[in-house]
Amino acid sequence: MAITQKRLAGPAQLTASSAIYYTVPVNTTTIVKQIILTNTTASSKTVTVRLKPLGVAEAATHDIISAMSLAANESMSFNCSLVLNNNGSTANATNSDQLAALCSSATSVNITIVGIEEV
C-alpha cells in the first residue's frame with residue numbers, strides 16, 4: 001500500500017451554493033487531517049463544510065462545520081482525522097465519500113484541505 005501525504009484540494013474560493021471540493025479516488029482511503037478556511041474580505045462570512053457519505057444526497061445532517069462565522073480577514077484551521085472511502089470502480093457520488101462546502105458570499109473565503117491518501 002502506498003501512503004501519500006498531500007494537499008487534497010485548494011486553495012479554492014468557496015461558492016454561495018454547495019459545491020464538491022474533494023472526491024475520494026478509486027481504490028483509495030483518505031484521511032483528512034486539516035481544513036483551512038480564510039476569509040479574504042473586510043466583513044464577516046459564514047462557512048459550512050460537509051462530509052457527504054457515498055451514495056446519499058447531500059444534507060445538513062452531514063455538516064462537520066455548520067454556519068461558522070469567520071471575521072474579516074480571519075483564518076481558521078480545523079484539525080481532524082476524518083476517514084473517507086471509495087467502494088467502487090469509479091470516483092463519483094455513488095462510490096465515493098466527498099467533501100462539500102459553501103459560504104454566505106461567493107469568492108469571499110478560501111478553502112484548503114490536506115490529508116493522506118492510501119492506495
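Mentor: A disulfide is a pair of cysteine sulfur atoms within 2.5 Å. Keep in mind that this is a predicted model.

Trainee: How far is the sulfur of Cys80 from the closest cysteine sulfur, and how many disulfides does the count come to?

Mentor: The closest cysteine sulfur to that of Cys80 belongs to Cys103. The two are 19 Å apart, which is too far for a bond, because a disulfide needs the sulfurs within 2.5 Å. By this rule the number of disulfides is zero.

Trainee: Is Cys103 buried or exposed?

Mentor: Buried means under 20% relative accessible area. The relative accessible area of Cys103 is 3%, so Cys103 is buried.

Trainee: Which residue is the bridge partner of Val47 in strand 7?

Mentor: Strand 4 (residues 45-52) and strand 7 (residues 98-103) run antiparallel and are joined by six bridges. In strand 7, the partner of Val47 is Cys103.

Trainee: How many bridges join strand 3 to strand 8?

Mentor: Strand 3 (residues 29-39) also pairs with strand 6 (residues 75-85), in the antiparallel sense over nine bridges; there, the partner of Thr38 is Ser75. Strand 8 (residues 109-118) runs antiparallel to strand 3, and in strand 8 the partner of Thr29 is Glu118. The number of bridges joining strand 3 to strand 8 is 10.

Technical notes: Residues numbered from 1 in each chain as written. Predicted model: local features only at pLDDT ≥ 70, side-chain atom pairs only at ≥ 80, totals over all residues. Heavy atoms only, no water. Pairing = 2+ DSSP bridges. Helix = DSSP H or I, 4+ residues; strand = E, 2+ residues; numbered from the N terminus. Buried < 20%, exposed > 50% of the residue type's maximum accessible area, 1.4 Å probe, protein only.
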